[in-house]
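Work through the following exercises with the sequence and the coordinates at hand, and try each task before reading its solution.

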Amino acid sequence: MTDDTGLVPVSRAQLAAWDARVQPAVEQVAPDVWAIPVPIPAGTIPHTLSYALVADDGVHLIDPGWDAPESLDALASGLAVIDRTLDDVRTVIATHFHPDHLGAADALRRTVGARVVFSGVEDAVLQQETAPEAYDSAVYRAQLREWGVPADRWDELLASFDRPALVAPAGPDDAVADGDVLELSGHRLRVIATPGHTDGHICLVDDERRLLYSGDHVLPRIFPGVGIGVLPGADPLADYFDSLDLLAPYDEHTVLPGHEYGFRGLGARRAQLIGHHLRRTTELAALLEEDAGRTVWEYARRLTWTAGWEGMTGFWLHSALRQTELHRDYATNPRSRARIDAHRAERAQRR
Ligand SMILES: [Zn+2]
């Protein structure tokens, strides 16, 4: 059976729970691999899927989820279902630094002595994103000026900018990079650097079980945001597309994502994700061709938005402006030329 995206869910229970906005049950998704839903107390996404890799020497966790008492309780009761406790956790691997993934890693290190593993690039992103400058409204004001945001829209944007750091700037015990292999007593995981969502995002491949742990790089129905934590000089869209191409060898693997539900059909999903973003890029490229040199604000208001430009406020307005900037940068990057041309040719042919 396929769902409405043409993908094949491997867990109907996870899919049904996601649609009903309730927590699914703890579920075995592969030999010695269990998916544990960990609630996210803040925000619009209800839970993270944390993966418990059970081994002779204990439990190795991929993406422990949010650092809050109720989230850690859910993790503990999830482990209890498989006769394990938080004390059994040996390793915590995070796909990226966002609080719904890396969140509880440092707490587990401090309380049960777990070894924390994530990418060295992501550590640099984490340090940057938790530094005082990241919360300096003067820096954001300069950004709003550069984007050409009219004065009467600054207050709502500054209000949405004023948010606390949700994750501790605690680095990894073991900083990994592309190609590294983690030997976890019966679970052999290969690290694949997949920059785009964040600069240091990683996916993990288990070739023996034919699994791809995809974090937020690939989700079955949500279109992950791009460039939510990048180092200076990055082109997150170009990186994101390259990182999707890179996964082609695993198109037959089962994808175990950070949210929603496990699925098969990675090739189809990769194509959907690339097509989704390129539609916006080509729309912006057309605007740039007819009217170059405008501000991000001027381009953003002329693009098509699902919720309509007029309804865009606060954080959503910020997000729209940031996306517009990313697509403008990508459209004008020589690295993007071939991909944009191919996408246009393909769309012209379909018409
Ligand atoms: Zn996430």
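The exercises below concern a predicted model and take up a metal site and then a set of strands.

**Exercise 1.** Identify the protein donors of the zinc ion and classify the geometry of its site.

*Solution.* Begin with the donor atoms, which are OD of Asp-100, NE2 of His-101, OD of Asp-216 and NE2 of His-259, lying 2.0 to 2.3 Å from the zinc ion. Next, take the angles among these four donor atoms, which run from 85 to 157°. Four donors count as tetrahedral only if all angles lie between 85 and 135 degrees, and the site of the zinc ion is irregular.

**Exercise 2.** Determine which strands pair with β3, and in what sense they run.

*Solution.* On one side of the list, β2 (residues 27–30) is joined to β3 by three bridges and runs antiparallel to it, with Glu-27 bridging to Ala-35. These two strands form a hairpin with two residues between them, and Asp-32 in the turn has a positive phi of about 65°. Strand β4 (residues 47–55) also pairs with β3 in the antiparallel sense, over seven bridges, with Thr-48 as the bridge partner of Val-38. Finally, six of the seven residues of β3 are buried, so this strand is largely enclosed by the rest of the structure.

Terms used: Residues numbered from 1 in each chain as written. Predicted model: local features only at pLDDT ≥ 70, side-chain atom pairs only at ≥ 80, totals over all residues. Heavy atoms only, no water. Donors = N, O, S within 2.8 Å, 3.2 Å for Na, K, Ca; no water. Tetrahedral: all angles 85-135°; square planar, octahedral: opposite > 155°, others 65-115°. Buried < 20%, exposed > 50% of the residue type's maximum accessible area, 1.4 Å probe, protein only. Helix = DSSP H or I, 4+ residues; strand = E, 2+ residues; numbered from the N terminus. Pairing = 2+ DSSP bridges.
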